[in-house]
Amino acid sequence: LKQVVLSKIAEEATKFSAMSPHIFDFFNSLDKDQSGFISYDELRQGLSQAGYQLADSEAQQLLSAVDTDGNGVLDMNEIFASLVDWDDLHKDEKWPTWCRKMFEKLDIDKSGAIDLEELTKLLPPNMKGQRTVNALRMLREVDTNGDGKISYEEFMQMMNAQDEFELVEFDSRLSSDSLGDSFSDALINEGGSFGDSLD
């Protein structure tokens, strides 16, 4: 649930993060056909050129973890949500406002809590029979008091926890003959962008 919410908050956060230009460069360097989306093949090619040696199953796992809408490709918001320094954004004065807006958007019936039906609607239709199963899993992960719904307090506990998935978790898979730039190193490298390391 947190990754889904982060990808939606990213829509606003991209306007304010100092890392945005570098993440845009990274995204564009992978989006070879300039479709506005990164396919599985483009992701594999880009990671390989950057020095990451991942098995097919690992690359598919990475794509699935970042692909929050389940459409099989990655958009800018999904990439941003996985690469941006959320610690910095947590400190931004707009963070509580972004979280409150997302909670209110998810709380469709304005009951003051997010229930299973509302979580199910958040998931892509192409999940078919898996939508309810995945929604129930998300509910159980966040519903700490076991009342079958997510309160605003539980929602904020989730949002402020330091456990979001990031692409930099794969830094350990850099091959020994790579240039040695991790995702995080490349993004903050002074005078350059991630895209430069993929050329």
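Student: Which side chain has a polar atom 3.1 Å from the backbone nitrogen of Asn 77?
Tutor: That side chain belongs to Asp 75. The pair falls under the definition of a polar contact, namely two N or O atoms within 3.5 Å; within protein, one must be able to donate a hydrogen and the other to accept it, and residues adjacent in sequence count only if both atoms are side-chain atoms.

Student: Before we continue, what kind of model is this?
Tutor: It is a predicted model, in which local features need pLDDT of at least 70 and side-chain atom pairs count only at pLDDT 80 or more, while totals for chains, interfaces and linings use all residues. Residues are numbered from 1 along each chain as its sequence is written, and side-chain values use heavy atoms, with hydrogens and water left out.

Student: Where does Asp 75 lie?
Tutor: Asp 75 is in the loop between α4 (56-66) and α5 (76-83). Helices (H or I, at least four residues) and strands (E, at least two) are DSSP runs, numbered from the N terminus.

Student: And what is Asp 75 in contact with, beyond its neighbours within four places in sequence?
Tutor: Its partners are Phe 27, Gly 36, Phe 37 and Asp 69. Contact here means heavy atoms within 4.5 Å.

Student: Back to Asn 77: buried or exposed?
Tutor: Asn 77 has a relative accessible area of 19%, so it counts as buried. The classes are buried under 20% relative accessible area, exposed over 50%, and partly exposed in between, with a 1.4 Å probe and protein chains only. Asn 77 belongs to helix α5, and leaving out residues up to four places away in sequence, it touches Ser 7, Ala 10 and Glu 11.

Student: Let us step back. How many helices and strands are there in the protein?
Tutor: There are 12 helices and two strands. From the N terminus on, they run α-α-α-α-α-α-α-β-α-α-β-α-α-α. Of the 199 residues, 48% are buried.

Student: New topic: how many aromatic pairs does a search of the whole structure find?
Tutor: The search finds two. Phe 103 and Tyr 152 have ring centres 5.2 Å apart and planes at 75°, so this pair is edge-to-face. Rings of Phe, Tyr and Trp (its six-membered ring) pair if their centres lie within 6.5 Å; planes under 30 degrees apart count as stacked, over 60 as edge-to-face and the rest as tilted.

Student: Which helices hold Phe 103 and Tyr 152?
Tutor: Phe 103 is in helix α7 (residues 95-106) and Tyr 152 in helix α10 (residues 152-160), so the pair links distant parts of the chain, 49 residues apart. Phe 103 is buried at 3% relative accessible area, and Tyr 152 counts as buried at 18%.

Student: What else surrounds that pair? For instance, which residue lies over the face of Tyr 152?
Tutor: Arg 100 does, at 3.7 Å from the ring centre. A charge sits over a ring if NZ of Lys or CZ of Arg is within 6 Å of the ring centre and within 35 degrees of the ring normal. Furthermore, Phe 103, Tyr 152 and Phe 155 form one aromatic cluster.

Student: How many residues are in the largest nonpolar core?
Tutor: It has 48 residues, and those with the most contacts inside it are Leu 1, Val 5, Ile 9, Trp 95, Phe 155 and Met 159. The largest share of this core, six residues, comes from α7. A nonpolar core is a set of buried Ala, Val, Leu, Ile, Met, Phe, Trp, Tyr and Cys residues joined through side-chain atoms within 4.5 Å.

Student: What does Met 159 touch?
Tutor: Not counting residues up to four places away in sequence, Met 159 touches Lys 2, Val 5, Leu 6, Ile 9, His 90, Trp 95 and Cys 99.

Student: And Leu 43: where is its place?
Tutor: Leu 43 is in helix α3 (residues 40-49) and counts as buried at 4% relative accessibility. With residues up to four places away in sequence set aside, it touches Leu 30, Ile 38, Ala 59, Leu 62, Leu 63 and Leu 74.

Student: Finally, the backbone. What is phi of Gln 34?
Tutor: Phi of Gln 34 is near 55°, a positive value in a residue other than glycine. Most residues other than glycine have a negative phi. Gln 34 lies in the loop between α2 (20-30) and α3 and is exposed, with a relative accessible area of 72%. Lys 110, not a glycine either, has a positive phi of about 60°; its place is in the loop between α7 and β1 (113-114), and at 58% relative accessibility Lys 110 counts as exposed.
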